[in-house]
Amino acid sequence: MVSLSPAGGVKQAGRLFALFLDVGRLTFRRPFQFREFIEQSWFIASVTIVPTALVAIPFGAVIALQLGSLAEQIGAQSFTGAASVLAIVREASPIVCALLIAGAGGSAICADLGSRKIRDEIDAMEVLGISPIERLVVPRVFASMFVAVLLNGLVSVVGVMGGYTFNVLLQHGTPGAYIASFTALAQLPDLWVGEFKALIFGALAAMVASYKGLNPKGGPKGVGDAVNQSVIIAFMLLFVVNFLVTTVYFQVIPQKAI
């Protein structure tokens, strides 16, 4: 049974932080498991590309419709494109990537490591002197980060195209004004912070999934519980980290004025 006491929560957080440190330390140990990295990158991409693209379209559409309606009410229709692109690139894209990476890729990572654990494969690796963190966790973390950055670019493109289509077709916006206003509020650091968020979110989702997968309780049922817990914990941490990164970004990077 999962401990619900404050001491148990602190202990779990400490063990997760220790895994972060171990991954950072073992990242620079050679040889790097490049083949495992490629296989995991392909697997995570294969289970997340289509859902991410499908989710990005309604995300972009909803943002464009909401901002377009608000801009029409205050008489600022010419800035609909700028506000939509800013919201999609800086906030919506990393969040969509994080949810899909944690929900699809992270659950698969947790289930894989958990099944290896209950079959005593992890213990056998340790007996043979092979570090399971170096051999299994590090490649999965880097694969998740790599795919998250690529997915963020995909979501940005698809979301902007979806927002443009719905704004022009449903709200009768002007295509030229929508495109011309891209640079009115958005700037290049907005793209970089979106990619940085996706990178951090990918690492965080893989770390949580790996931690829960390496510590299942109660056999096969415990693996299923670990998968559910990893997704929930990752979602909660992702929103907290998103708030912190956005706050720091607003303090460091000056925003454009209209």
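**View 1. Helix H5 and its bend at Val138.** H5 bends by about 25 degrees at Val138, the bend being the angle between axes fitted to the seven residues ending there and the seven starting there. A proline, Pro139, follows within four residues. This is a predicted model, where local features need pLDDT of at least 70, side-chain atom pairs count only at pLDDT 80 or more, and totals for chains, interfaces and linings use all residues. Residues are numbered from 1 along each chain as its sequence is written, and side-chain values use heavy atoms, with hydrogens and water left out. Helices here are DSSP runs (H or I, at least four residues), numbered from the N terminus. H5 covers residues 132-170, and its 39 residues should span 57 Å at 1.5 Å a residue; that expected span is 1.5 Å times one less than the number of residues. The end C-alpha atoms of H5 are 53 Å apart, which agrees. Just past H5, look for His172, with a positive phi of about 55 degrees.

**View 2. H5 crossing H8.** The axes of H5 and H8 (residues 188-214) come within 8 Å and cross at roughly 145 degrees. Axes are lines fitted to C-alpha atoms, for helices over the stretch in contact, and angles run from 0 to 180 degrees between N-to-C directions. This crossing of H5 and H8 is right-handed (the near helix is turned clockwise from the far one by less than a right angle). On the H5 side, the contacts (heavy atoms within 4.5 Å) include Val137, Ser144 and Gly153, while Gly194, Ala203 and Leu214 are among those in H8. By class, this contact of H5 with H8 has eleven nonpolar, six polar and two charged residues. Ala, Val, Leu, Ile, Met, Phe, Trp, Tyr, Cys and Pro count as nonpolar, Asp, Glu, Lys and Arg as charged, and the others, Gly among them, as polar.

**View 3. Helix H3 and its bend at Ala92.** H3 bends by about 40 degrees at Ala92, and Pro94, a proline, follows within four residues. Past the end of H3 comes Asp120, whose phi is positive, near 65 degrees.

View 4. H3 and H8 have axes that come within 7 Å and cross at roughly 20 degrees, so the two are roughly parallel (under 35 degrees). Their contact has 18 nonpolar, six polar and six charged residues. With H9 (residues 219-252), the axis of H3 comes within 9 Å and crosses at roughly 150 degrees, which makes H3 roughly antiparallel to H9 (over 145 degrees).

Terms used: Parallel < 35°, antiparallel > 145°, perpendicular 65-115°, else oblique.
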